[in-house]
Amino acid sequence: MEIKVRYFGQLAEFTGKSEEIMTQDFKTLEGLKLFLFDRYPKLKEVHFKMAQDNSIESESSELKGTLIDLLPPFSGG
Amino acid sequence: MSMEERYQRHFQLKEVGKKGQQKLSKAKVLVVGAGGLGCPALQYLTAAGIGTLGIMDPDVVSLSNLQRQILYNENDLGKNKAKCAEKYLNALNNEIHFQSFPFALTHENALNYLSQFDIIVDGTDNFYSRYLISDACLLLQKVMVYGAVFKYEGQVSVFHYQNGPSYRCLFPSPPELGEIPSCSEIGVLGIVPGIIGMYQALEVLKIVLELGEVFNGKLYCINLLNHQTRILDFKKNKEEIAKIKKQDRVFPIANKDCSLDFEVSLAQLSSEEKIIWIDVREEGEVPRLSHLKPLTSALALDSIKDSEEKVIAFCQTGQRSKAFIQKLKKEGIKNCFSLKEGAEQLQIWEKKQISK
């Protein structure tokens, strides 16, 4: 299954891209997260939330969506 | 001045009308932080006729603020933002009851001030304040309108609306210190907080007018470089909410990214306030400020422990007084602050106050 992963805020700087397509299979959101940690170790440095198909879910959730968003908190104002 | 004429465009909208205008005039909204987010939010809320508008900000206007904090101009440099904002907003609409608070929201005063309003707009720039506002609003059952920016991106959401989720449902624990850089560290295009602040004002108006859909349980994400927007759903996290409710008071987050609750600057003080001063310097250091009748750092803690008056420590540069106040805080002394400026500036300030 093809999924699109999008990076928000600082995460885009850590990965060097705002989005990418992945074709690997992941059972859970956490599975995808660990894969991304391996590919982009800097991601480990920040807290972020994951959403699939426009819904923020816990990392133990089954990965069923095709659109995954990675969101860090912002503090600027 | 004629209300008919001022709000004519509102009256023409059948969804707003005179009834809606009445709702606006009865609303009590507090904007915490009169900076990049707060300035445009305050302008539109004032123009729209929000009845009671609170403005809270401990900071003074500096030149680097003028790039985005559009209420202020070069004549305001060095003056407190909350007080400056009130002056300009009053000229825009003097039918509004303004309350300016030239000091910081802290875990010691948050419940007291937030309880006086219905809706709180989070226009702050640090996680300490954001978690504080969220937890206090949760305990007081107040609606919080959240907005935050990172470079060219923004986030908007509404918390505790009709028993909806909280900031903690989105981000349960604060990031580590230094994990997420602030605007002062990485910069921001001035118009980005402007747009997000206006979104916050829009949500306030919709909540008061009971119009449309608000971002309740939804995080609005916008990237202003490529115009991509997302509306992400999130659910209430009952465990996180129960945790805050159980503690029944607000605590500072562990990784404090600001020192708002123990530093104070001269621009935040008024001459009418009764202040107990503590001079933490050695005897030979000048200028001496005997007019203020300062206590020395060897004071008996009991004498200030239950003081109703503000306790402020000073030294030559604000460094030693900061360490001293941190010690007092650990001893459980509340309402005590370290002066950001040194004794020399304090002397100039004091002379000005006397000549007023």
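Q: What makes a residue pair count as a polar contact across the interface of chain A and chain B, and how many pairs does the rule find?
A: The model is predicted, and across the interface of its chains A and B the rule finds 8 residue pairs in polar contact, both residues having pLDDT 80 or more. To qualify, a pair needs N or O atoms within 3.5 Å, one able to donate a hydrogen and the other to accept it. On the side of chain A that touches chain B, the elements giving two or more residues are helix H1 (10-15), strand S3 (49-52), strand S4 (55-57) and strand S5 (67-71). The residues of that side divide into 8 nonpolar, 8 polar and 6 charged.

Q: How do you know that the side chain of B:Arg130 reaches A:Ser75 in a polar contact?
A: Look at the distance: the side chain of B:Arg130 comes to 3.1 Å from the backbone oxygen of A:Ser75. The cut-off is 3.5 Å, so 3.1 Å passes. The side chain of B:Arg130 also makes a polar contact with the side chain of B:Asp122, at 2.8 Å.

Q: What makes A:Glu13 and B:Lys151 a salt bridge?
A: Their side chains meet at 2.5 Å, N to O.

Q: What is the peptide bond from B:Val286 to B:Pro287 called, and where is B:Pro287 found?
A: With omega near -5°, that bond is cis. Most peptide bonds are trans. B:Pro287 sits in the loop between strand S10 (275-279) and strand S11 (295-296) of chain B.

Q: What makes helix H4 of chain B mostly covered?
A: Of the 11 residues in helix H4 (residues 38-48), 8 are buried. They are B:Gly38, B:Cys39, B:Pro40, B:Ala41, B:Leu42, B:Leu45, B:Thr46 and B:Ala48. The helix is followed by B:Gly49, whose phi is positive, near 90°.

Q: How many residues are in contact between chain A and chain B, and what area is buried between them?
A: 22 residues of chain A are in contact with 37 residues of chain B, where contact means heavy atoms within 4.5 Å. The buried area is about 2,500 Å², and carbon and sulfur atoms give 56% of it. In chain A, A:Phe74, A:Ser75 and A:Gly77 lose the most area to chain B, together 29% of what that side buries.

Q: Why is chain A called as compact as a globular protein of its length?
A: For 77 residues the globule rule gives 11 Å; the radius of gyration of chain A is 12 Å, which is close, so the description holds. Chain A has 2 helices and 5 strands, in the order β-α-β-α-β-β-β from the N terminus. Of its 77 residues, 56% count as buried.

Q: How do you know whether chain B agrees or disagrees with a compact globule?
A: A compact globule of 356 residues would have a radius of gyration near 21 Å, and chain B has 21 Å, so the two agree. Its secondary structure comes to 14 helices and 13 strands, and buried residues make up 54% of the chain. Among contacts in chain B with a separation of 6 or more, residues 24 or more positions apart account for 68%.

Methods. Residues numbered from 1 in each chain as written. Chains lettered and ligands numbered in written order. Predicted model: local features only at pLDDT ≥ 70, side-chain atom pairs only at ≥ 80, totals over all residues. Heavy atoms only, no water. Buried area = accessible area lost by both parts, 1.4 Å probe. Salt bridge = Lys/Arg side-chain N within 4 Å of Asp/Glu carboxyl O. Helix = DSSP H or I, 4+ residues; strand = E, 2+ residues; numbered from the N terminus. Nonpolar A, V, L, I, M, F, W, Y, C, P; charged D, E, K, R; others polar. Rg over C-alpha atoms; globule rule 2.2 N^0.38 Å. Buried < 20%, exposed > 50% of the residue type's maximum accessible area, 1.4 Å probe, protein only.
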